[in-house]
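The following note sets out points for a colleague reading the coordinates. Please keep the sequence and the model in view.

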Amino acid sequence: VEARIPNWPGPARTLLRVAYEEAWLPLRCGRFDALYCVADLAPVKCPIPKIVALRNFNIYDRRFYDTARTRALFRLVRWGLRDAAAVVTPSRAAAHAIGPLVGVDPDAIEVVHHGIAAEAFDAGRADVPTDANYLFLPANLERHKNIELLFDVVGRLDDPTLEVWSAGGDRLDPAWGEHLRRTARERGLGARVRFLGPVPYERVLGYYRGARALVFPSQLETFGHPILESMLAGTPVIASDLPSFRELAGDVALYAPADDAAAFAARVNETVRDRAATAARVARGRAIAAGFTWQASTDRLCRVIHRALRAA
């Protein structure tokens with residue numbers, strides 16, 4: 001049974017959500033066997049065993065969003081974890097990065113990888129011209145996504161016609177979204193960097209297929225769905241060298257330091273130039289991505305919940 005948090009509008013939304021989770025949710029969940037908290041926060045007091053998923057890295061590593069909100073959320077997460085029956089992260093890398101910060105032994109954290117719906121790709125379409133020549137990045141316009149690095153990458157590419165297409169909105173950080181668009185205009189990159197805005201998921205899948213490669217320079221991730229989606233779509237992957245990304249893609253992706261535009265450009269040039277090696281990585285990537293199903297993810301989560309119930 002899913003308990004939906006009311007979608008209150010306005011700046012008071014966070015306060016109202018916390019009040020709901022701490023006061024009303026424990027009263028509502030008492031007739032169930034367990035409470036699965038999918039987004040970091042959990043009630044401090046709960047009448048049934050609670051399983052808490054930690055997945056928003058910006059709460060724990062506040063290099064990009066160090067605000068009163070993220071600091072308050074960090075404290076609430078720590079309080080909610082005190083008597084958790086189980087703690088879950090979407091990658092082993094996330095467990096080792098977050099666990100020490102919240103006082104949980106990383107080895108005691110259960111890893112439940114997210115899945116991917118392969119059948120969604122059968123219907124994935126986008127209005128991409130057959131002669132389009134672009135690198136693709138599906139990511140909201142947020143600071144830790146490191147999209148600005150790609151402005152330096154395009155000028156270093158061997159192919160002067162290769163563009164960067166970014167699909168994602170700026171609802172969570174509109175000021176940063178405007179900064180990115182303005183900077184691209186000021187640097188004369190309007191013809192080579194396209195901001196597609198929010199794109200429905202079924203169309204995003206088509207953009208993967210048409211791209212020369214996924215370029216994912218994010219500096220902070222607990223998982224990395226675009227990497228799996230690219231692998232399943234048969235799109236080469238070039239990503240920042242993060243432990244969570246290596247956990248998913250292994251040697252299928254090409255990696256570069258998140259702050260090194262020259263290294264990213266070199267990886268793109270290598271991908272375009274060495275077609276045989278790229279094709280081999282793509283084939284391995286499809287096989288690996290096929291194992292990340294939502295069925296496998298759900299089965300793993302159910303085993304975690306059953307163990308928590310037995311222990312309780």
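The numbered points below cover the basis of the values, the cysteines, the cores, the strands and the helices.

1. Basis. The model is predicted, so that local features need pLDDT of at least 70 and side-chain atom pairs count only at pLDDT 80 or more, while totals for chains, interfaces and linings use all residues. Residues are numbered from 1 along each chain as its sequence is written, and side-chain values use heavy atoms, with hydrogens and water left out.

2. Cysteines. The structure holds zero disulfides, a disulfide being a pair of cysteine sulfur atoms within 2.5 Å. Cys29 is in no disulfide, and the nearest cysteine sulfur, that of Cys46, is 3.9 Å away. Cys46 is likewise in no disulfide. Cys29 counts as buried because its relative accessibility is 4%, and Cys46 counts as buried at 17%. Buried means under 20% relative accessible area, exposed over 50%, and partly exposed in between (1.4 Å probe, protein chains only).

3. Nonpolar cores. A nonpolar core is a set of buried Ala, Val, Leu, Ile, Met, Phe, Trp, Tyr and Cys residues joined through side-chain atoms within 4.5 Å. The largest has 60 residues, and those with the most contacts inside it are Leu135, Phe136, Val153 and Ile227. Apart from it lies another core, of 30 residues, including Val18, Tyr20, Ile48 and Val102. Leaving aside neighbours within four places in sequence, Val153 is in contact (heavy atoms within 4.5 Å) with Ala261, Phe264 and Ala265.

4. The six-stranded sheet. Helices (H or I, at least four residues) and strands (E, at least two) are DSSP runs, numbered from the N terminus; two strands pair if DSSP finds at least two bridges between them. Six strands form an open sheet in the order S7-S6-S5-S8-S9-S10, with parallel pairing. S7 (193-197) and S10 (254-256) stand at the edges with a single partner strand each, so one side of each is left without a neighbour in the sheet. On average, neighbouring strands of this sheet are turned by 25° against each other, direction ignored. Within the sheet, S8 (residues 213-216) and S9 (residues 237-240) pair in the parallel sense over three bridges, and Phe216 stands opposite Ala239 in S9.

5. Helix H6. Which residues of helix H6 (residues 201-210) are buried? They are Val204, Leu205, Gly206, Tyr207 and Tyr208. These residues pack against S5 (134-138), S6 (163-167), S7, S8 and helix H7 (225-233).

6. Helices H9 and H10. H9 (residues 261-273) and H10 (residues 275-289) pack at an angle of about 95°, with their axes 6 Å apart. Axes are lines fitted to C-alpha atoms, for helices over the stretch in contact, and angles run from 0 to 180 degrees between N-to-C directions. H9 and H10 are therefore roughly perpendicular to each other, a term for angles of 65 to 115 degrees. Glu270, Thr271, Val272 and Arg273 in H9 meet Arg275, Thr278 and Arg281 in H10.

7. S2 (residues 50-53) and S3 run parallel and are joined by three bridges, with Ala53 opposite Val88 in S3. From S3 (residues 86-89), Ala86 and Val88 point one way and Val87 and Thr89 the other, and all are buried. Glu110, found in S4 (residues 110-111), is buried because its relative accessible area is 19%. Not counting residues up to four places away in sequence, Glu110 touches Val87, Val88, Thr89, Arg300, Val304 and Arg307.

Technical notes. Angles under 35 degrees count as roughly parallel, over 145 as roughly antiparallel, 65 to 115 as roughly perpendicular and the rest as oblique.
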